[in-house]
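What lines them, and which parts of the chains do they touch?

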There are 2 protein chains.
Amino acid sequence: MTPLDAILISIGEELLIGQTINTNAAWIGQQLNHEGIAVKEVIVITDDQSDIIRTIRDAEKRSGLIIITGGLGPTRDDVTKIALCQMFGSSLIVDHAVLEDITEFFTRRGFPMTDLNRLQAMVPDNARVIRNPYGTAPGMWFEQDGKIVISMPGVPHEMKNMLTTYVIPELKQRIPTYHIIHKTVLTQGIGESFLAELISNWENNLPENIKLAYLPSPGFVKLRLSGRGSDKAFIEQAINDQVISLKTIIEQYIWGYDDQTLEGLTGTLLLSNHLSMATAESCTGGYIAHKITSIPGSSRYFKGSVVAYDNDIKSRILSVDQLLLDNYGAVSKEVVEAMAEGVRKLFKTDLSLAVSGIAGPGGGTDEKPVGMVWIACSSQDKTISKVFQFGGTRERNIILGSVAALAMFRSFAENHQQPG
Amino acid sequence: MTPLDAILISIGEELLIGQTINTNAAWIGQQLNHEGIAVKEVIVITDDQSDIIRTIRDAEKRSGLIIITGGLGPTRDDVTKIALCQMFGSSLIVDHAVLEDITEFFTRRGFPMTDLNRLQAMVPDNARVIRNPYGTAPGMWFEQDGKIVISMPGVPHEMKNMLTTYVIPELKQRIPTYHIIHKTVLTQGIGESFLAELISNWENNLPENIKLAYLPSPGFVKLRLSGRGSDKAFIEQAINDQVISLKTIIEQYIWGYDDQTLEGLTGTLLLSNHLSMATAESCTGGYIAHKITSIPGSSRYFKGSVVAYDNDIKSRILSVDQLLLDNYGAVSKEVVEAMAEGVRKLFKTDLSLAVSGIAGPGGGTDEKPVGMVWIACSSQDKTISKVFQFGGTRERNIILGSVAALAMFRSFAENHQQPG
């Protein structure tokens with residue numbers, strides 16, 4: 001048996017005109033990979049009946065598993081169900097369980113049900129129905145000539161529930177025991193081509209069954225090692241061996257692995273050392289606090305933040321000396337250190353992080369151009385600071401400033417000695 | 001001449017395993033639409049030479065314009081250039097202008113240049129080169145048998161620069177004067193199927209050349225009207241007429257159009273009324289401040305925020321009476337109103353917005369379940385508050401809470417009478 005490769009088809013013009021970003025495809029790719037199913041292709045098309053049919057037929061030539069999202073809404077611009085019925089020669093029949101689901105969906109919310117919603121309980125007579133507790137459109141599972149074609153709504157939380165509770169368990173009963181193992185090494189502080197030079201010998205000697213990919217993202221370069229085969233332990237071992245040998249070459253640049261995030265790792269570190277923190281943000285405008293609080297349980301170590309978008313707030317609330325603001329300006333070593341000390345004392349935390357910079361597009365000068373960001377970390381014992389020069393769009397400067405700040409804070413917290 | 005439809009091909013396994021979300025395709029779709037070029041399909045494949053060639057050949061059967069991103073990095077996992085050379089029978093030659101670009105790129109950054117980077121100055125002899133001021137991989141423009149095939153790097157800011165400064169100007173000289181007009185009506189406070197019922201008569205009477213799509217997103221339903229043709233003014237007029245008639249039916253649910261955002265509209269409103277604001281955030285953890293400060297120039301009306309992730313901060317810094325916290329709990333009408341008043345006085349602003357809720361996954365009770373969010377708006381004259389019940393994932397609750405808060409604050413600011 002050969003390993004199963006899936007093709008995903010995302011339906012919806014909003015994806016093609018760029019109004020919506022295709023996060024569904026990325027999420028499904030992750031989940032299937034986890035189960036040893038590779039996604040070999042993602043195809044995005046509009047809600048056009050003949051395009052849908054042609055694309056599915058084409059995809060069936062290259063894959064035995066087609067997963068479709070989108071085009072199942074109650075409104076008439078959605079034609080996926082009609083296309084599938086035409087393709088599989090289905091008649092539509094009322095599914096009473098689905099009708100009950102839909103009725104209950106509306107009862108629970110205290111809303112009346114519309115005729116359009118009632119129509120959603122009509123399902124193809126030759127498909128297995130996938131129930132949808134979070135919405136009104138059921139999913140469909142067709143099988144013909146050894147090919148599986150699955151259709152789910154495009155609304156992310158409805159689709160996610162169907163995939164995890166029904167589609168993946170069903171697929172797992174049918175797929176050969178192939179495994180795909182990925183290990184991603186997260187690096188920071190070195191560019192892609194320098195990294196490539198540094199590890200070229202190691203890369204040259206990678207075994208045939210392990211593939212390497214370089215993935216640059218704002219503030220990081222990720223190195224992904226992948227292997228696939230029927231013996232899970234064997235591939236895992238082979239990849240782990242390579243990671244160990246990679247570590248001897250670039251240890252100082254590695255800050256984490258796989259899905260780890262700086263905010264998650266920082267949280268774990270603070271929790272295990274019983275440390276608390278607060279932030280004072282100027283140019284990053286709350287984005288660092290948002291990243292930190294995106295971690296469940298962050299309230300156990302994160303006390304809060306002052307977003308000081310105004311010099312008056314920096315002096316009155318964060319107790320930054322007005323003289324420092326006058327003499328050095330808000331974007332300076334002196335002010336960012338005073339912000340870090342001020343917020344630490346105000347929030348009575350062990351540690352603090354402060355950022356002051358120019359996100360742009362306006363506000364830059366020759367001396368202090370757009371993208372200049374000062375970052376400070378403070379504890380009772382010491383306050384350190386560092387300046388960075390980014391200089392892209394406003395959005396990019398906010399992200400790069402936040403990543404650099406979290407990275408700097410994490411190593412500051414790692415080196416922090418508990419008093420006593 | 002028929003209008004030009006493009007097919008986008010995104011290359012990179014990171015997109016298929018879900019490590020990276022395909023934002024490039026969305027962005028390119030927006031830009032091309034703006035120029036009257038529809039994207040009829042997006043195809044995502046891996047860095048595999050034969051897959052790349054097969055996909056391009058297939059796409060050429062359906063479209064005269066193929067735009068490829070990704071797979072041009074200096075490292076050996078990137079094979080797009082090799083695939084294109086094979087497909088178009090090209091030899092690689094040194095492009096001295098590109099070599100200079102790359103040399104300058106490194107000189108400017110004070111880094112030494114590697115051999116891998118020098119190799120990137122090798123380009124196919126039968127392609128036009130697209131210079132890349134922000135990176136080391138040039139783009140390529142092939143033309144054969146009336147088909148255009150364009151290849152650009154996958155790094156977003158490098159690709160964006162090439163598309164806007166070279167690709168679009170070149171395409172504009174060749175495309176027939178077709179126009180695609182989209183108008184998106186942004187609604188809030190009504191579900192998709194209720195909206196569909198409410199406007200079904202209007203929808204039934206839409207002219208043939210105008211298409212309607214329903215786009216639900218967290219907190220909103222967007223209605224997109226699209227038309228395409230050679231007479232721009234005529235389509236625009238037809239769409240505008242329909243929007244006017246739609247407005248008479250659902251005016252109370254419409255809050256904006258097209259790319260407008262709540263944070264952008266709120267900023268414009270505050271600026272023109274010379275009002276300042278501050279926020280106090282608990283469960284949204286800085287996300288509202290981040291959304292507000294993502295708008296360039298927001299420092300003119302946004303003074304800052306206190307992220308109060310701890311009750312002690314709510315009482316000490318935001319001056320919330322400890323008795324209120326003890327008697328009603330942090331997630332209550334009394335506390336959220338006190339937070340709004342506290343932050344308004346602390347930051348000395350005209351208006352303020354406060355949020356307190358339970359983002360989850362932990363921390364919920366029967367009485368106050370996960371997803372319960374209290375929101376308050378305050379001015380010198382009055383403080384109002386409202387409770388919402390969301391109840392999805394932590395991420396969803398943070399987003400829905402922030403959207404509801406911004407919507408509530410915007411209408412509060414609209415109704416605010418300047419004293420005097």
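There are four cavities of 30 Å³ or more in this predicted model, a cavity being a set of points on a 1 Å grid over the protein atoms alone where a 1.4 Å probe fits but cannot get out. Volume here is the space filled by probe spheres set on the points, which are joined across faces, edges and corners. Residues are numbered from 1 along each chain as its sequence is written, and chains are lettered from A in the order in which they are written. As the model is predicted, local features need pLDDT of at least 70 and side-chain atom pairs pLDDT 80 or more, while lining totals use all residues, and side-chain values use heavy atoms, without hydrogens and water.

| Cavity | Volume |
|---|---|
| Largest cavity | about 120 Å³ |
| Second largest cavity | about 110 Å³ |

Start with the largest cavity. Among its 16 lining residues, A:Asn22, A:Ala25, A:Val44, B:Asn22 and B:Val44 sit closest to the centre (lining means an atom within 4 Å of a point). α2 (23-34) and β2 (38-45) of both chain A and chain B each give at least two residues to this lining; helices are DSSP runs of H or I with at least four residues, strands runs of E with at least two, numbered from the N terminus. The lining has twelve nonpolar, four polar and no charged residues, with Asp, Glu, Lys and Arg counted as charged, Ala, Val, Leu, Ile, Met, Phe, Trp, Tyr, Cys and Pro as nonpolar, and the others, Gly among them, as polar.

Now for the second largest cavity. Of its 13 lining residues, the closest to the centre are A:Glu41, A:Arg62, B:Glu41, B:Ile43 and B:Arg62. β2 and α3 (49-62) of chains A and B each give two or more residues, and α3(B) has the largest share, with five. By class, that lining splits into eight charged, three nonpolar and two polar residues.

Definitions and conventions. 1 Å grid on protein atoms, 1.4 Å probe; cavity = no way out; pocket = protein on both sides within 12 Å on 5 of 7 lines; lining within 4 Å.
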